[in-house]
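Let's walk through this structure together, one region at a time. Keep the sequence and the 3D view open as you read.

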Amino acid sequence: NLGLRFHLKNASAAEEDAPPPTELQEKEQKKPEKRKSVTEATAKPKKKKKIEQKECITPQKKAAEDEPSTKPKRRRKKKTITDVLSSSEPKPGCPSDLQNLLTQHFSDKLSVIEQEDLKLQDSSFLSSNDLTHTISSFLKQVCPKWSKIQKQHTEKRALVLLVVCSSALRAIELIKQMTVFKGEAKAVKLFAKHIKIEEQIKLLQKGVTHIGVGTPGRMSALVEKEGLSLQALKYVVLDWNWRDQKLRRMVDVPEVKLDLMKLLLGGILQRCKEDKVKIGLY
């Protein structure tokens, strides 16, 4: 006990005798506290900024969601022929439809007197298809004396019957469907697809042909090159009511309509006025 007391007295005496701390030592002791305060001060506003950013993002999203409602609505697309026809029942063509088409097409191309010459009498038309006929039954109705007519026909380069359609594929289809009607009569394909016009001219010159089925463009070209004669022609049947995949008739396709007008003006209408040719709308 005496030794312990002596040791404690010496320790307290050493503490009393130690010199006071210098200013540098005090600064060094205070430095870490300043650093801590600086780091704490800098860290705290960062957290606040993050919070502020999060708060700013949410109203931007809301504004983006509200934007479409303020944008102007898109204009509705114009209805095409396909859209109109798909929602309406097909109506069979009649002579007045062809007459109106001729008037509209040539209104700005011919004089008033020339337009008057285009008008056909009712006697120039065959009975129209009421959408219940096949091509064979329709031709039997409008050409009741066909067997006699085909036997009397002996001219080369000339045809008795022209069936005008919009495409080569349609022409092939019609030729297949008219086998019941044509009998022993010969039919020729008159379209441009895979067939040169020179080959068709040679074919027409070789022998007697009764029926020509094809497009108005190729028929018109054959007439211009004198490969096809209209002198023996008695019937012109227009594939008027048939519609393609887009529900367009042959007169709804601008190129085909233009070729048809050229073909009719190239001699057929004149022969109709002379009561030598009759037109039917199938």
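A definition comes before the tour: buried means under 20% relative accessible area, exposed means over 50%, and partly exposed is what falls in between, with a 1.4 Å probe and protein chains only. Helices (H or I, at least four residues) and strands (E, at least two) are DSSP runs, numbered from the N terminus.

You are looking at a predicted model, in which local features need pLDDT of at least 70 and side-chain atom pairs count only at pLDDT 80 or more, while totals for chains, interfaces and linings use all residues. Residues are numbered from 1 along each chain as its sequence is written, and side-chain values use heavy atoms, with hydrogens and water left out.

Let's start with the whole chain. Its secondary structure comes to 12 helices and 5 strands, and buried residues make up 32% of its 282 residues. With contact meaning heavy atoms within 4.5 Å, take the contacts between residues at least 6 apart in sequence: 77% of them join residues at least 24 apart. As for confidence, pLDDT is the predictor's score for each residue, from 0 to 100. The mean pLDDT of the chain is 81, and 68% of the residues reach 70 or more. Two stretches call for caution. Over residues 36-43 pLDDT stays under 50, and the model has 0 contacts there beyond four places in sequence.

Now turn to helix 10, residues 197-206. Which of its residues are buried? They are Ile197, Gln200, Ile201 and Leu204. These residues sit on the same side of helix 10 because they cover an arc of only 100° around the axis, the arc being that of the directions from the helix axis to the C-beta atoms. The buried residues of helix 10 pack against strand 2 (187-190) and helix 11 (216-224). On the face turned away from that buried side you will find the exposed residues Lys202 and Lys206.

Ser127 gives another view of helix 6. Ser127 is found in the loop between helix 5 (112-118) and helix 6, and it is partly exposed, with a relative accessible area of 36%. Not counting residues up to four places away in sequence, Ser127 touches Phe138, Gln141 and Val142. Ser127 and Gln141 are 14 residues apart in sequence, and their C-alpha atoms are 8.3 Å apart in space.

Next, look at Thr215, in the loop between strand 3 (211-214) and helix 11. Thr215 counts as buried because its relative accessibility is 14%. Leaving aside neighbours within four places in sequence, Thr215 is in contact with Cys165, Ser166, Ser167, Ala168, Leu190 and Phe191.

In helix 12 (254-273), pick out Leu264. Is Leu264 buried or exposed? At 1% relative accessibility, it counts as buried. Leu264 touches Leu98, Leu102, Leu269 and Ile279, residues up to four places away in sequence not being counted. Between Leu264 and Val236, 28 residues apart in sequence, the C-alpha to C-alpha distance is 9.7 Å.

Most residues other than glycine have a negative phi. Glu226, which is not a glycine, has a positive phi of about 60°. Glu226 lies in the loop between helix 11 and strand 4 and counts as exposed, at 60% relative accessibility. Asp275 also has a positive phi, near 65°, and is found in the loop between helix 12 and strand 5.
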